[in-house]
Amino acid sequence: MSSWTVTAAGGRDPAIPAHLALEAGPIVPLDPALVDAPPAPASFEALTGAALEPAGALHAAIDTGQQTIVESSDPSPFENAASDALGDADTNAGSESGALDALDPAALVDASASKSTQAGSTVGNYDEPQPPDRPIVEPGRPPEGSEGDPPRI
Amino acid sequence: MTPFDAIALAAMLRAFYPEPGRPALERARRERPEYFAAGRLTGVAGNVLQLPDGRVFVVTW
């Protein structure tokens, strides 16, 4: 599509009718001689250099911290310490649990059952003769003159 | 003479001369002089329209 444009080279915009043209306003361009020149723009490096100087020490600390993190991230020391402390605990626990699982309580149950059978065979009614009663001790006649004393058994 | 209308001139050029350029502008000046209001094409690129009343317009593409 063509892009013809016709614009006024100077003066009033021809697209705006004369009776609708804007009037001159109260604002006029400033006299450059009356306006102080703006200050020279400060160098970014000059502004931020002093602020960034303490950061140099921080870089060294950060590097040290990162090195420590990298060295501490290695799990091998912990694994070695754990294996030295626990040894073959896992293997032993597994073998012991396996031995417990291998135990067959059936023999123990059978032995208990046989003992109960033997115990039952000795069970019987009590048929022994009844022992005699304890003799009754006669207190007897108290001696003369001691009627107030309790009887001596 | 028809008063000069920049918008009408631009619309005519877009409608009848789809390929903008100096040759098309000169051909439009010859074929449809009423849109140019007796103006004269000047300038290095031949796209500056100077009207008899002193107004100057620039035709761009």
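**Exercise 1. Salt bridges in chain B**

Which side chains meet in a salt bridge at 3.6 Å, N to O? Find the pair, then work out the network around it.

*Solution.* 
Step 1. The pair is Glu31(B) and Arg32(B), whose side chains meet at 3.6 Å, N to O. Keep in mind that this model is predicted.

Step 2. Look for another partner of Glu31(B). Its side chain also meets that of Arg27(B) in a salt bridge, at 3.2 Å, N to O.

Step 3. Join the two pairs. Arg27(B), Glu31(B) and Arg32(B) are linked in a network of salt bridges.

Step 4. Ask how Arg27(B) and Glu31(B) can reach each other. They are four residues apart in helix H2 of chain B, so about one helical turn separates them.

Step 5. Check the surroundings. Glu31(B) has a relative accessible area of 41%, so it counts as partly exposed. Arg27(B) is partly exposed too, at 38%.

Step 6. Side chains of opposite charge can pair when their charged atoms come close.

**Exercise 2. A second pair in the helix**

Describe the salt bridge between Glu26(B) and Arg22(B), and say where both residues lie.

*Solution.* 
Step 1. Take the distance. The two side chains meet at 3.2 Å, N to O.

Step 2. Place the residues. Both belong to helix H2 of chain B, which covers residues 22-31. Their spacing is four residues, about one turn of the helix.

Step 3. Glu26(B) has 33% relative accessible area and is partly exposed. Arg22(B), at 36%, is also partly exposed.

Step 4. Over all chains, the structure holds four salt bridges.

**Exercise 3. The plan of chain B**

How many helices and strands does chain B have, and in what order do they come?

*Solution.* 
Step 1. Count the elements. Chain B has two helices and three strands.

Step 2. Read along the sequence. The pattern is α-α-β-β-β.

Step 3. Ask how much is buried. Of the 61 residues in chain B, 36% are buried.

Step 4. Look at sequence range. Take contacts in chain B between residues at least 6 apart in sequence; 32% of them join residues at least 24 apart.

**Exercise 4. Strand S3 of chain B and its partners**

Which strands pair with S3(B), and in which sense do they run?

*Solution.* 
Step 1. Start within the chain. Strand S2 of chain B, residues 48-50, pairs with S3(B) in the antiparallel sense over three bridges. Here Val48(B) stands opposite Val58(B).

Step 2. Follow the turn. The hairpin of S2(B) and S3(B) has five residues between the strands, and Gly54(B) takes a positive phi near 100°.

Step 3. Cross to the other chain. Strand S1 of chain A, residues 5-8, is joined by four bridges to S3(B), residues 56-60, and the two run antiparallel.

Step 4. Name residues opposite each other. Ala8(A) stands opposite Phe57(B). Val6(A) has Val59(B) as its bridge partner.

Step 5. Compare the faces. In a regular strand the side chains alternate between the two faces of the sheet. In S3(B), Phe57(B) and Val59(B) form the covered face. Val56(B), Val58(B) and Thr60(B) form the uncovered one.

**Exercise 5. One residue in detail**

Is Val59(B) buried or exposed? List its contacts beyond its neighbours in sequence.

*Solution.* 
Step 1. Find the residue. Val59(B) is in strand S3 of chain B.

Step 2. Apply the cut-off. Buried means under 20% relative accessible area. Val59(B) is at 0%, so it counts as buried.

Step 3. List the contacts, leaving out neighbours within four places in sequence. From chain A come Trp4(A), Thr5(A) and Val6(A). From chain B come Leu13(B), Leu25(B) and Asn47(B).

Step 4. Val59(B) and Ala45(B) are 14 residues apart along the chain, with 9.8 Å between their C-alpha atoms.

**Exercise 6. The interface**

What area do chain A and chain B bury between them, and which residues make up the side of chain A?

*Solution.* 
Step 1. State the area. The chains bury about 1,300 Å² between them, with 64% of it on carbon and sulfur atoms.

Step 2. Sort the side of chain A that touches chain B. It divides into seven nonpolar, five polar and no charged residues.

Step 3. Count the residues in contact. Chain A gives twelve and chain B gives 20.

Step 4. Check the links. There are zero salt bridges between chain A and chain B. Five residue pairs are in polar contact across the interface, both residues at pLDDT 80 or more.

How values were computed
Residues are numbered from 1 along each chain as its sequence is written. Chains are lettered from A and ligands numbered from 1 in the order in which they are written. This is a predicted model: local features need pLDDT of at least 70, side-chain atom pairs count only at pLDDT 80 or more; totals for chains, interfaces and linings use all residues. Side-chain values use heavy atoms; hydrogens and water are left out. Contact means heavy atoms within 4.5 Å. Buried area is the accessible area (1.4 Å probe) that two parts lose on being put together, summed over both. A polar contact is a pair of N or O atoms within 3.5 Å; within protein, one must be able to donate a hydrogen and the other to accept it, and residues adjacent in sequence count only if both atoms are side-chain atoms. Ala, Val, Leu, Ile, Met, Phe, Trp, Tyr, Cys and Pro count as nonpolar, Asp, Glu, Lys and Arg as charged, and the others, Gly among them, as polar. Two strands pair if DSSP finds at least two bridges between them. Buried means under 20% relative accessible area, exposed over 50%, partly exposed in between (1.4 Å probe, protein chains only).
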